[in-house]
Structures are given as C-alpha cells and as structure tokens.
Amino acid sequence: MEFQLSEEHLMIQKAARDFAQNDCLPGVIERDEKQQFPREQVMKLAELGFMGMMVDPAYGGAGMDTVSYVLAMEEISKVDASTSVCMSVNNSLVCWGLETFGSEEQKLKYLTPLAQGRKDGELYIGAFLLSEPEAGSDATSQRTTAEDMGDHYLLNGTKNWITNGSSASVYLVIAQTDASKGSRGINAFIVEKSWAGVTVAAKENKLGIRGSDTHTILFNDVKVPKENRIGADGFGFTFAMKTLSGGRIGIASQALGIASGAYELALAYSKQRKAFGKEIMHHQAIQFKLADMATRIEAARLLCLKAAWEKDHKMDYTLSSSMAKVFASETAMWTTTEAVQIHGGYGFVKEYHVERLMRDAKITQIYEGTSEVQRIVISRSILK
Ligand code: CAA
C-alpha cells in the first residue's frame with residue numbers, strides 16, 4: 001500500500017492551489033453576493049486543462065488520473081466552491097459519460113471541445129439534466145419524454161436544479177422513451193442549448209454556491225437527431241447511474257475542499273485571536289474542535305482517494321464513491337459550522353469567508369444524490 005503522492009500529483013495539486021489563490025480568491029465574496037458566474041475562472045481552468053482532466057488527449061483532454069482530479073477539486077473548493085462545481089459537472093457528469101459511452105462521432109463533435117472547455121475561443125461547457133420538479137431522488141420517475149419520430153426524437157418536458165444551466169452549450173438530457181418499460185424505457189440524449197424549443201428559464205437564488213448558475217430548462221417539441229442518443233435504446237438510466245457514481249467522487253472532493261478550507265482558516269484564526277489572556281488555540285475547547293476537524297477531514301480525504309484509486313484501476317467504485325460523498329459532505333457541514341463557532345462574531349460576517357463555506361457546504365449533502373440516497377446505495381451494496 002502506497003500513501004505517497006507522485007511528483008506529478010504534487011505538481012497538479014500545486015497548480016490548483018496557485019489557481020485558487022491567484023484567480024479565485026480575488027472577488028470570491030463579491031461573486032457570491034452578486035450571484036455572478038465565474039466565467040474568467042472557468043476559462044482559466046480550461047487553459048490549465050482542468051475542464052477535461054481525465055479525458056484522453058486524443059479527444060482534447062489532459063489525460064490525468066482520478067486521483068489528480070480529487071487533488072485539484074480539493075484545492076479549488078477550499079477557496080471557491082462555485083467555480084469547482086462547474087469543473088466537477090463538466091469533468092465527471094459530462095465528459096466522462098461521453099467518453100465512456102458516446103459514439104466516435106459524438107466524441108469528435110462534442111467531447112473534444114467540452115474537454116477543452118472552449119470552442120472558437122468561447123467558453124464551451126456542458127450540463128447534466130436528470131432532475132425534474134417531481135423526479136429528484138426518485139430518478140426513475142422521469143416525466144420528460146422523447147418520442148421516437150422515426151428519424152429523430154421529439155423532446156418535451158421540464159428539468160430543474162441544472163448546474164451550468166445558462167453557461168453550458170451542451171446538455172446531456174435524460175428522458176423517458178417508453179413509460180411501460182420503467183427504468184429500461186429511459187434514454188440519454190445530447191441536446192444543444194441553441195436548438196429551437198430549448199428555453200433557459202428561471203435562475204435559482206440560492207443559499208450557497210451562488211456563483212454557479214442553476215436554472216430550470218424547458219423543452220418544447222425539440223427535434224433531437226437519432227444519432228444524438230447515447231448508447232443502445234433503453235440505456236439512459238444506467239448511463240445516469242454510472243455517470244453519477246463518478247460525479248459523486250467530484251462532489252465528495254468538493255466537500256472535502258470546503259471542509260479543509262474552513263479548517264485552515266479556523267486554525268490560523270485560533271493562532272492569532274486572544275481571549276482570557278492567551279491565543280485561543282491554547283484553550284482545550286478549541287484544541288478539541290481542531291483535533292476532530294483534522295481527523296474527520298483526513299478520513300474524508302482517504303475515502304475520496306480510495307474511490308478515485310478504484311476508478312483508476314477499473315474496479316467497481318459505486319460503493320466507495322457513495323461512502324466518500326456521504327462522509328465528506330457531512331464532514332463539510334460539521335467542520336464549517338465549527339469553524340464559524342471558533343471565529344465567534346467574526347465568523348458570522350462575510351470578510352472571514354467561513355460563513356460562505358458553511359453555506360456552500362450544505363448543497364454537498366443534497367446534489368448528485370442526497371445523503372439519504374447515498375445510504376440507500378451503501379446499504380443495498382452491503383446487504384446484497
Ligand atoms: N450502475 C449501473 N446500473 C445501476 C446503478 C449503477 N450504479 N444503479 C442502479 N442501476 C440500475 C439497476 O440495476 C436497475 O436496473 P434493472 O432494472 O435492469 O435491474 C435500474 O438501474 C433501476 O435501479 P433501481 O431499481 O436501484 O432504482 P431505484 O428507483 O430504486 O433508485 C436510486 C435507485 C439509487 C435511489 C437512484 O434513483 C438515485 O441514485 N437517485 C438519486 C439521483 C441523483 O443522484 N440525482 C442527482 C441529480 S444530478 C445533479 O445533482 C447534477 C448537478 O447539476 C450537480
């Protein structure tokens with residue numbers, strides 16, 4: 001067993017840390033307040049090769065491993081979880097699904113610019129459209145329909161909570177093609193935002209990750225060419241589940257980063273803030289909080305890295321990615337709350353960053369499968 005990171009991993013980690021400090025930290029509070037999409041930051045991520053980190057260079061990617069992805073996600077999420085979620089969705093939900101299950105034509109047409117994060121010099125990213133007003137955790141209850149019209153499908157319905165909803169150019173849309181077949185009557189389609197009948201509707205005003213753009217997307221008689229279906233007929237639900245298993249490694253790493261960012265701020269603050277005649281780090285009440293934070297964060301990191309390692313070794317990582325996600329997201333919520341507590345009143349104001357990290361932490365327990373859904377996946381796996 002090897003716990004040491006390679007030279008290459010350390011270089012990627014440093015590149016992500018430098019990017020977070022130099023490109024994300026300036027303006028992060030204002031972007032959160034104004035709900036401003038981090039366009040410049042995502043363009044820079046594309047330059048760094050971080051929008052298609054794990055994609056084969058033959059399709060425009062950086063050819064890195066999943067361990068590198070976890071390291072980069074942690075560093076960026078320490079500072080700016082709104083930027084890191086755009087990166088996570090594009091890498092794990094969009095590029096991975098297309099590279100693994102897409103046809104050669106789909107890869108050349110869509111994956112290559114998506115992995116590069118740009119096309120003709122403009123931002124070019126993707127979104128994953130599974131959730132609906134009445135199909136969240138119960139993802140098989142899809143109401144969006146794609147009717148087979150012979151040479152094309154006709155797409156109708158509503159998707160919501162869509163990360164990158166307005167900034168994405170390409171949507172991977174999950175829709176029902178045959179209600180009588182249940183989860184086997186679901187397909188996944190590549191849909192371009194610019195097509196007739198696609199409407200980017202309401203933008204959500206959110207508690208956290210306020211810089212990322214979350215929208216409702218409407219489809220009204222959208223003609224989807226047959227060649228834009230991903231995989232064999234009826235493969236859509238399996239496509240969504242397999243894609244989400246990798247996505248959960250990304251969100252677990254985001255949660256890990258939010259937790260470690262809050263911990264680092266609380267540690268630094270405890271060394272300079274004095275109370276009762278000494279720096280607060282000398283009080284056992286603070287020391288025990290810091291000790292628990294450090295321990296939980298290390299456990300979350302190991303779970304994330306194990307899931308990534310299994311994915312890199314072509315093993316089944318469904319169980320470990322759910323374990324990583326539930327544990328890291330609960331660690332993020334607990335750690336950020338304690339970091340605010342350590343900061344006292346200063347923790348409650350924006351300049352100290354921990355209140356934002358606490359708000360950002362909450363969504364990691366909800367999106368890409370709630371903590372309850374992760375426990376369903378885990379218990380089914382251990383009980384089968
Ligand atoms: N890999 C492959 N196949 C899988 C699978 C997996 N991980 N999980 C399930 N399947 C297959 C099953 O084998 C089954 O196939 P058969 O019918 O052929 O046997 C089929 O899919 C249906 O599975 P279940 O019977 O297990 O389905 P279920 O209704 O009990 O639901 C669930 C299971 C785990 C709760 C699932 O619905 C789920 O994961 N829900 C949460 C959805 C989710 O994560 N949404 C997040 C939205 S995306 C997002 O947040 C993105 C963003 O923008 C940030």
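The area buried between domain 1 and domain 3 (the accessible area, with a 1.4 Å probe, that two parts lose on being put together, summed over both) amounts to about 2400 Å², of which carbon and sulfur atoms give 64%. The model is a predicted one, in which local features need pLDDT of at least 70 and side-chain atom pairs count only at pLDDT 80 or more, whereas totals for chains, interfaces and linings use all residues. Residues are numbered from 1 along each chain as its sequence is written, and side-chain values use heavy atoms, with hydrogens and water left out.

The domain assignment, which is automatic or taken from a database, divides the chain into domain 1 (7–123), domain 2 (126–234) and domain 3 (237–383). The C-alpha centres of domain 1 and domain 3 are 20 Å apart, and 27 residues of domain 1 are in contact with 34 residues of domain 3, contact meaning heavy atoms within 4.5 Å.

Three salt bridges are found across the interface of domain 1 and domain 3, a salt bridge being a side-chain nitrogen of Lys or Arg within 4 Å of a carboxyl oxygen of Asp or Glu. Arg359 forms a salt bridge with Asp32, with 2.8 Å between the closest N and O atoms. On the side of domain 1 that touches domain 3, helix H2 (28–34), helix H4 (66–79) and helix H5 (81–101) each supply at least two residues; helices are DSSP runs of H or I with at least four residues, numbered from the N terminus.

Along its principal axes, the C-alpha trace of the chain spans about 80 × 45 × 40 Å.
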